[in-house]
Amino acid sequence: MGAAGRHIPKEPRAERKMRYIGSALKYMFKNFIFIFVFALVPSYFFALTQDAQNIEDLVRAFRPGAEGPEFSQLFNFFSPFNGRGWPYALVCLASLAIILPMLFGFIEKHMRIGSRTLRGLAGRFNTNFLTTLVLLVAGVAVYELWALIAAGLIFAETLILGGAAFTVIALVTYAGMMALACYLASAFLLWLPCQLITGYNFMDSLAYTNQLSVGHKGGLFLSVFLPAAAGLVVEVLTVWLCGMAELAAVIFIVTELLFLFFVLYISSLMFSAYFRLTGEERMDLKKKYGQGGAA
């Protein structure tokens, strides 16, 4: 793996850990008008998977004196493949399988050669489709297992605790499970860019991912966890406030915007982190008169 020797030296810890978030957000917002269209369809159908009635019942189950939520209520909240939303979840997954290869191709080409056009996306789709599909399906399978375990843990707590103690412990458990999911996501964050850019097979690109991540795992974890934690706070507050007031439309809009944000953010993060850790020059940051920009 000749490219492995190009990774950059370690930076001061605090600076290194926050660079990934800043770089991804800067790319996403700077190029938002060009990339947000890719996430519109999957975000819409993901929001449709949310069962407003189930959310309202779940909020009532956390009120003082309530018996607590059922396992099915928790799992339906965590998983888009619930009893009501699974058809929309399948459409969301299918649309992601179509748009992500093109979105990744757009971002990669822009960062690699500085071209910010839609030309050539069909070719990038053909090149990226199979690899993206395999990892997308694997990621969804892992998430569904996570949803099953998270729902089971919180439901078990309803059998032991009650009242305010249950609410606090349930939220702590949810946050802990979210941290676990973010750690797993950060551990494999560079896997897809490694395959798409270097052409390595699944195992070689995974080995290269591990090599690039040495000394940077904390920063990569925070780059996934902190935005996810912020999204979790927004989601919990929205569900709590709007669920009590039965404002299903607000929950739908917030869910759609959060999903759109994370699709664009994670896509930007994967490639900005890859270019940073390999030390390859990002041509989208190259300034006029031949001056390069920092990642």
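A residue is called buried when its relative accessible area is under 20%, exposed when that area is over 50%, and partly exposed in between (1.4 Å probe, protein chains only). Keep that in mind for this tour of a predicted model, where local features need pLDDT of at least 70, side-chain atom pairs count only at pLDDT 80 or more, and totals for chains, interfaces and linings use all residues. Residues are numbered from 1 along each chain as its sequence is written, and side-chain values use heavy atoms, with hydrogens and water left out.

Start by selecting C182: its relative accessibility is 4%, so it counts as buried. Next, pick C194, which is buried too, at 0%. With a disulfide taken as a pair of cysteine sulfur atoms within 2.5 Å, the count is zero.

Now move to N128, in helix α6 (residues 121–158); helices are DSSP runs of H or I with at least four residues, numbered from the N terminus. N128 has 0% relative accessibility and is therefore buried. Show its contacts (heavy atoms within 4.5 Å): beyond neighbours within four places in sequence, they are P101, F104, G105 and L196.

Finish at helix α9, residues 202–213. Just after α9, stop at G215, whose phi is positive, about 85°.

Definitions and conventions: Helix = DSSP H or I, 4+ residues; strand = E, 2+ residues; numbered from the N terminus. Expected span 1.5 Å × (residues − 1).
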